[in-house]
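Thanks, everyone. I have one structure today and will go from the whole chain down to single residues. Please bring it up on the screen.

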Amino acid sequence: MTTEPRPAAEVTESTHVPPEPDADPQQHAPQQLAPVWRPNTPTGATPGTVGHRQLDTGLSLSTGAPLTVHLTGLGCDRLETAVTPAGDGVALIEVRAAAAATVRAEWRVPCLGATACWTPDTNASRWLPPSWIAPRTVSLALGAPVASLVGADDRALCTAAAAETSAPVRVGVGVVEETNEFAFTVEQDLTPDGPPLRLRIDLSGHHFAATLRDVTAWWAEGLNHPGVAPAARMPAYSTWYSLHQNVDTAVVERQAALAAAVGCESIIVDDGWQTTDRARGYGHCGDWEPNPVAFPDPAAHVAEVHRTGLAYLLWYALPFIGRHNDAWDRFKGMILREEPHLDAAVLDPRHPEVRAYLIEKVSRAVEQWDMDGLKLDFIDRFAVTDPPPAPAGADHATVHEGLLQLLADLDARLRRTRPDVIVEHRQPYVSPGLWPYATMVRATDCPLSPAENRQRTIDCRLTAGPLAVHADMITWHSAETPEAIAVHLVNALFSVPQISVDLAAQSPDQLATLRFWLGISRRYADVLQLGVLEPARPDLGYPLVRARDHRTTVVARYAPLPVALPDRHAADGPQTLLVANADGDPVVLLTAARPEKVLTRVQDCRGEILSEAVLDLVAGVNPVTVPTGGLLTLTRER
């Protein structure tokens, strides 16, 4: 059923609709904004024409007061608005400007029981920032326009998103110190013939992850994604942490064979294939020619890796042109900025010559060498603050338009040769505007930080849409214990694990641990990656995470928290429950709503069975011993 938008009259100053005669004026009065200190607002920058209005959303705050959105048009005094109900506690808002203007929407909710502020940023802290912090600018190459204020029981007090996922949008969130409210602001540049400012505001009070799933579905409306190749959802091997730039055909082929034996289905060859230099930095990026000593025959090398059963992906730092490449002299006048600390510069995709060059170079991996896909790194570097005006020879006015053209043309070229091409993107370029041109998105670098890997992969999962989510490469010291290795793997359980250690140097126990947990990732991929995801307590870094489908529930425990058993009598009551213990405390407390009989199996970090028994659960708390890095499997009697 479609609800037609409710048009609102144009106004040029703050007004409000008076309450009905019999109504309580306190209950229906529109929300007034108290002044707030914003040191980031420049003085003297306000244009001569400014329009204001208050927009009734039809939504009610937890206090019962109506939620009002305050609109400001800088450069235009005529704002056309529409509000569309979109379910219980959800409204869609559309704002158009009659002239070119910067339109700012702001609303506030009371901070009652607020515990965390969730955004797709890669900062693990979920604190409630003050409202005077500068808003974040999100665009096609950086971030996504969404935020959620989370309260008790992980329920969203307010989740909000903007529809614009390509052009820059400024998103602000924070505590208003003067009123103890939480402010949301979205600012977008509008033109009369351009896209409107579209907002989705959710006050439903559902689990914050459910509200983010709804935002993702909203973004996906009308989007045609080509699908995810099966290998993209299976464990992968990466050469970066294990080998860094020290790659050649022999070492890659050796690791590929070993990776296949432990359960990987693809290998990602990172930086180093294109240069003889081994000093890091990006001064040798841009020519994208194989190092003739290390990779004399790329096609034959790829064929050998394919014989192990692995797909092959090759790394490209797409934006960079290095000073030590022949292409530097050709393109040094077509850049967005230099990055001297990287010995490179960022190319300007507004130039058709830049796009044609990159597409020709990058597509060779698939067309000539028969690779299965690409790792496109550093796309976020295209998100330049205050980019220079479109230069002579450019065919797009904005950087995001040029980047979109580059990625769309590259995708079309690749799919002519390989329709199921695999393309990896990475945090923080997680915009839904990039979904059609990617297969998977990886958590940004956090080596040897299992908790950080957990938080970043869960963050990605919450708004990844159709993409497979990969963990940052999992690595460990050669003397690491199997239990600690299992903890790394369990922290990446709800994503696709990427492994990056020298597999030839691992002990039998280390390899057994790796095989066991990669086997779990493979066997339960559907529920782990595609099931309903319910992470708990974002303010504490998700100490307990649950994924479920109609057959299976998987819970990972990262702190000594009790695990509530799902009700077997519910419509979606699962038959199988897995509990992965990544905490040092081996006593797992299972809480049951009613007595029942279950078959239990406890395995250690290597997968060895420690016990199998029928357990009579009592209503309440049931302790079960599961070693660190181990797995408890409960199977219910039918």
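Start with overall dimensions. For 638 residues, a compact globule would have a radius of gyration near 26 Å, and the protein chain has 26 Å, so the two agree. Keep in mind that this is a predicted model. The C-alpha trace spans about 80 × 75 × 40 Å along its principal axes.

As for secondary structure, the protein chain has 12 helices and 34 strands. Of its 638 residues, 56% count as buried. Among contacts with a separation of 6 or more, 73% are between residues 24 or more positions apart. The chain exposes about 25400 Å², and carbon and sulfur atoms supply 52% of that area.

As a reminder, strands of a sheet pair through backbone hydrogen bonds, either parallel or antiparallel. Between β17 and β19, the latter being residues 344-347, there are three bridges. Within that pair, Phe 320 stands opposite Val 346 in β19.

Next, a helix. How many of the 10 residues of helix α10 are buried? Eight are, so α10, residues 482-491, is largely enclosed by the rest of the structure.

On to cysteines. The structure holds zero disulfides. Cys 446 is in no disulfide either, as its nearest cysteine sulfur, that of Cys 460, is 10 Å away. Both of these cysteines are buried: Cys 117 has a relative accessible area of 5%, and Cys 446 is at 7%.

Last, backbone geometry. Most residues other than glycine have a negative phi, and most peptide bonds are trans. There are some departures to look at here. A cis peptide bond joins Gln 427 and Pro 428, with omega about 10°. Pro 428 lies in the loop between β21 (422-426) and β22 (440-442).

Then there are two aspartates with positive phi. Asp 370 has a phi of about 65° and sits in the loop between α7 (352-367) and β20 (373-377). For Asp 386, phi is near 50°, and the residue is found in the loop between β20 and α8 (399-417).

Is each of these buried, partly exposed or exposed? Asp 370, at 40% relative accessibility, counts as partly exposed. Asp 386 is at 70%, so it counts as exposed.

That is what I have. I can take questions now.

Conventions. Residues are numbered from 1 along each chain as its sequence is written. This is a predicted model: local features need pLDDT of at least 70, side-chain atom pairs count only at pLDDT 80 or more; totals for chains, interfaces and linings use all residues. Side-chain values use heavy atoms; hydrogens and water are left out. Two strands pair if DSSP finds at least two bridges between them. Helices (H or I, at least four residues) and strands (E, at least two) are DSSP runs, numbered from the N terminus. The radius of gyration is taken over C-alpha atoms; the globule rule is 2.2 Å times the number of residues to the power 0.38. Buried means under 20% relative accessible area, exposed over 50%, partly exposed in between (1.4 Å probe, protein chains only). Contact means heavy atoms within 4.5 Å. Accessible areas come from the Shrake-Rupley method with a 1.4 Å probe; for residues, only the protein chains shown count as cover. A disulfide is a pair of cysteine sulfur atoms within 2.5 Å.
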